[in-house]
Amino acid sequence: MSGFDFAILSEIVSFLDNSRPDVCVQATSALVASLQVDDGLQVRSNCAHYLENDVPAKLCSLISNPSVSEIEGKAINPEWPMKVLLGAMDALGSMIGEGGEMVGEAACEKGVVGRVGEVIMEYSHGSKKSDTGDKILDSGCRLLANLCRSEVGCTAVLDKEGILAKLINEFESPAADCWDRFQHVATVLMNVTQVERGRKVLLKISDGFLDKVTPSLTANNSIRRMGIAGAIRNVCFEKDSSWWLIHEKKIVDDICYPLCGPEGFDMDDKVGMTPKMWMEGPDKKREPDAETRMLLVEAILLLCATGRKNREKLRELKVYPIVKTLDLSEENEDVSNKIDECVQFLMRDEEGFERVEGEMLAIEPEATSVDVMEPGGIVKPMKPEDWDAVD
């Protein structure tokens, strides 16, 4: 479906109000297709047309009440309401992806977060297990992830007590007999931790959420790995939790392990290093995704910026040889530049000198700078004299 004029778009909108479930499903499929054309300008135009015609509200209505009892007087297959629900969630997720915060906020105003939470609770129950049910769970988690791209969406998810806990518990123990239907929980966590309240939830020791999700840094699923890497990177912004993260949670091991490869380390480098970083030898595989590696390196950089004592601990754990070895094989220039920023923190002496391969070199303050990240990906320059502003 490559061409959409306003007459076709208007017809799609009108079909969303149709009482027949098969028509509603076709309408949601056509809506998704209209947002996947190659022409970016047309996609934005289509999305604007849907916004003008209150389509987010129509989709939220279908998600809230997908039940229909008959088609032309005949009893329908019980799968049809599930198909309507799935189609509406897929369509709303696509709209948020293209329309951004405006669509997400409109959906949140209609209470879609609470309804999606109910859907996840319902279809994760064993009695509701089916192929369509698994797709509904995947689509619901993906929709929540898209909603959490805005602060309004993050607040809506955090306000619904129990949703995040349910998602994390299901995420921790994926079903072995089906595809990974809770994979997008990782993206929910990466997005919701962009706000301080979300980071506090993930860091709450009594709930143990962080312990439940960190093993996914080594999962086979790349969506899991990147999402959890992003969530961990975001919680590293919490300076007040940095000592606990480094010394008690031992988050440095979780971060560094995926960054280690088959190259191995010198005997001197192994002293103080956690053995699992090198015990696999030439069989050790490094994280293959550059964006995930970037998130992990950024997490190290954030921990480096939390103070002198924490930097000393990172040195004891031999983070420097780990990132140095990573840099030797790193093909992505952006990741390599971020590694260099970590090295500047780790190898400089705290009294105004820098250590490079055993030599002490004086730092030139006016020539030194580093980027300080914010959870949402915004970067602002840090002045040279602020190297230890967070100490």
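Tutor: Helix H10 gives the most to the lining of the second largest pocket, with three residues. Helices are DSSP runs (H or I, at least four residues), numbered from the N terminus. This is a predicted model: local features need pLDDT of at least 70, side-chain atom pairs count only at pLDDT 80 or more, and totals for chains, interfaces and linings use all residues. Residues are numbered from 1 along each chain as its sequence is written, and side-chain values use heavy atoms, with hydrogens and water left out.

Student: Which residues lie nearest the centre of the second largest pocket?

Tutor: Rolling a probe the size of a water molecule over the atoms shows where empty space is left. On a 1 Å grid over the protein atoms alone, a pocket is an open set of points where a 1.4 Å probe fits, with protein on both sides within 12 Å along at least five of seven lines; lining residues have an atom within 4 Å of a point. Here the lining has 13 residues, with Leu-158, Glu-161, Gly-162, Leu-164 and Val-201 nearest the centre.

Student: How many disulfides does the structure hold?

Tutor: A disulfide is a pair of cysteine sulfur atoms within 2.5 Å. The structure holds zero. The sulfur of Cys-304 has its closest cysteine sulfur in Cys-342, 5.2 Å away, too far for a bond.

Student: Where does the charged end of Arg-224 sit?

Tutor: A charge sits over a ring if NZ of Lys or CZ of Arg is within 6 Å of the ring centre and within 35 degrees of the ring normal. The charged end of Arg-224 sits over the ring of Phe-171, 3.9 Å from its centre. That of Lys-83 sits over the ring of Trp-80, at 4.7 Å from the centre.

Definitions and conventions
Helix = DSSP H or I, 4+ residues; strand = E, 2+ residues; numbered from the N terminus.
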